[in-house]
Amino acid sequence: MKTPLFFCYFIVLLFSVNYSNAQDWPNLNRYKDENAKVPVLSSKDHSRVVFMGNSITEGWINKRPEFFNAKKYINRGISGQTTPQMLLRFRQDVIALKPSVVVILAGINDIAQNTGPYTIEATSGNIFSMCELAKQNGIKAIICSVLPAFDFPWKPGLEPAQKVIQLNNVLKAYAEQHKLLYVDFFSAMVNEQMGLKKELGTDGVHPNEAGYAIMEPILEKAIFKALKK
């Protein structure tokens, strides 16, 4: 029995897509061209800030572009990413740009198990490794709390609320131990159910314009302190 031609084509196409994704699992190509266009800073300019994160970071520049444009902040968020993916692209998307400060907002997709089973040790360890890479390259790291989430619309039933709290406690303790700045978005955005306040989000996970407007002044205080150190 002969295999239909269209079926063969489908198998080849499916294999090609999966192979391509496997070869760029951390999505190094996403900002490759943009990174090449980032201007070289003068030796006296210590104002560059890079944001490393997932869809919450990527959505930030889409919903509040004026926040990034006003200070020339560089956004390197990629929707759906987990901390191991960010760690793999940290040299390309942060260190190579030679910022003075990196803002790390990560972890919620790990809890959602976007790329595999979640453990607090692995996720926090990836964030710690990004901080240590930053320090070795003269970059001050700001660790952001994970935003509250009661459930995930794309993967319900994982009960993330307490996992978020536990991860934030570990991140805060690390920041205090290593004298890093820790930004607490969680306390300003959490509701009685330990989820994201309805008026601050779009789906219980991602902030809306009002949510980002609350986050911005909290973060800018930390950025100001980091740039003054």
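Guide: Let's begin with the lining of the second largest pocket, which by class has 4 nonpolar, 1 polar and 6 charged residues. Here Ala, Val, Leu, Ile, Met, Phe, Trp, Tyr, Cys and Pro count as nonpolar, Asp, Glu, Lys and Arg as charged, and the others, Gly among them, as polar. This is a predicted model, where local features need pLDDT of at least 70, side-chain atom pairs count only at pLDDT 80 or more, and totals for chains, interfaces and linings use all residues. Residues are numbered from 1 along each chain as its sequence is written, and side-chain values use heavy atoms, with hydrogens and water left out.

Visitor: How much space lies in the second largest pocket?
Guide: Among the residues lining this pocket are Glu34, Asp45, Arg48 and Lys72. A pocket is an open set of points on a 1 Å grid over the protein atoms alone, where a 1.4 Å probe fits, with protein on both sides within 12 Å along at least five of seven lines; lining residues have an atom within 4 Å of a point. Grid points are joined across faces, edges and corners, and a volume is the space filled by probe spheres set on the points. The space in the second largest pocket is about 250 Å³.

Visitor: Is lysine 72 buried or exposed?
Guide: Lysine 72 sits in the loop between α4 (65-71) and β2 (74-77); helices (H or I, at least four residues) and strands (E, at least two) are DSSP runs, numbered from the N terminus. Its phi is near 60°, a positive value in a residue other than glycine. Buried means under 20% relative accessible area, exposed over 50%, and partly exposed in between (1.4 Å probe, protein chains only). Because its relative accessible area is 70%, lysine 72 counts as exposed.

Visitor: Which side chain makes a polar contact with the side chain of serine 55?
Guide: Serine 55 belongs to helix α3 (residues 55-63) and is buried, with a relative accessible area of 13%. A polar contact is a pair of N or O atoms within 3.5 Å; within protein, one must be able to donate a hydrogen and the other to accept it, and residues adjacent in sequence count only if both atoms are side-chain atoms. At 2.7 Å, the partner of serine 55 is histidine 206.

Visitor: Which element gives the largest share of the lining of the largest pocket?
Guide: The largest pocket holds about 300 Å³ of space. Both α8 (120-136) and β4 supply at least two lining residues each. With 4 residues, the largest share comes from α8.
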